[in-house]
Amino acid sequence: MKNRRIHQGQVIGTGEKVFNAGMAILGIVISLVVLYPIYYVLIASLSQPYYVENGDVMFAIRHFTLASYKEAIKKSGIWLAYGNTIFYTVAGVLVNMLFTTTMAYALSKKKLVFRKFFTLFTIFTMWFNAGIIPMYLTFKDFSLLNTRTAIILGFAINTYNLIIMKSFFEQLPEALEEAAFIDGANHIITFFKIYLPLSKPALATVGLFYAINRWNSYFWAMQLLNDDRKAPLQVLLKKMIVDRVANASEAAIVTQNSLSSPTTVIYAMIIIAIVPMLIVFPFVQKYFKTGVTVGGVKG
């Protein structure tokens, strides 16, 4: 009997090692699939366009050059668009976090009247929404077309992020809140002095989600903003890509002496656009796992 148990333990141990090795290999493959497009854009933006257009750039830089970046930073309106993107991201995330955390705090209170109804009503929006045309007409009726307010306040809460914050608040001991009330605190003081300082992992995770979404968003900015002076960087980049597709014949005149082309300039713009997010991510990475995990504990 003892030998049988040892044999079973060895089989389970071997199976677990095989499973872990398989998951590690799968993780590496998925990482390569996800990271290669970014790597390709980087090496293509640093290569001469002749080799990029002919498909010679696959895994390494061919004839290193910074000409595409020089052309990109001289592009008309790029720095204004970059400033708009930073403004929309910073102001938008502040609005997102204010509305999301306060609503999540309210929904996390078991004493809230009609709490279940409000929670289900909120979750309902994850699967059903009005659609593009009704939303556009709503912005129009509120006279928000071609305004920065539409971009900042129009998308104040994401339901998934709200659920993460709500679940995190529900994990905090109720004794802390009761002790604060005994000391004379109200809900506002409890929220700012106790709940927010203890919620750094969730705040960092949700803030990162909002920041990435704000930084990369272009669809609604493209629909709501008619003034190019208010457009974010992603809208400018999208227009460049459309122009590149419409003028695909320009690739045919790229020679070995060409230092840049519309394609390589677009690649350079993409790298310039993603640099801020690559810089921010390492600072919130240590909170990321905790924040996402807690969000799946309770509904």
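Visitor: How are helices assigned here?

Guide: Helices are DSSP runs of H or I, at least four residues long, numbered from the N terminus. The model is predicted: local features need pLDDT of at least 70, side-chain atom pairs count only at pLDDT 80 or more, and totals for chains, interfaces and linings use all residues. Residues are numbered from 1 along each chain, and side-chain values use heavy atoms, without hydrogens and water.

Visitor: What counts as a pocket?

Guide: Rolling a probe the size of a water molecule over the atoms shows where empty space is left. On a 1 Å grid over the protein atoms alone, with a 1.4 Å probe, a pocket is an open set of points with protein on both sides within 12 Å along at least five of seven lines. Lining residues have an atom within 4 Å of a point. Volume is the space filled by probe spheres set on the points, which are joined across faces, edges and corners.

Visitor: Which helices supply at least two residues each to the lining of the second largest pocket?

Guide: α8, α9 (174-182) and α10 (187-195) do. α9 has the largest share, four residues. The volume is about 410 Å³. Among the 17 lining residues, Ser108, Lys109, Lys110, Glu174 and Glu177 lie nearest the centre.

Visitor: What is the volume of the largest pocket?

Guide: About 860 Å³. Its lining has 25 residues, with Met135, Gly154, Phe155, Ile157 and Asn158 closest to the centre. α11 (200-216) gives the most, four residues.
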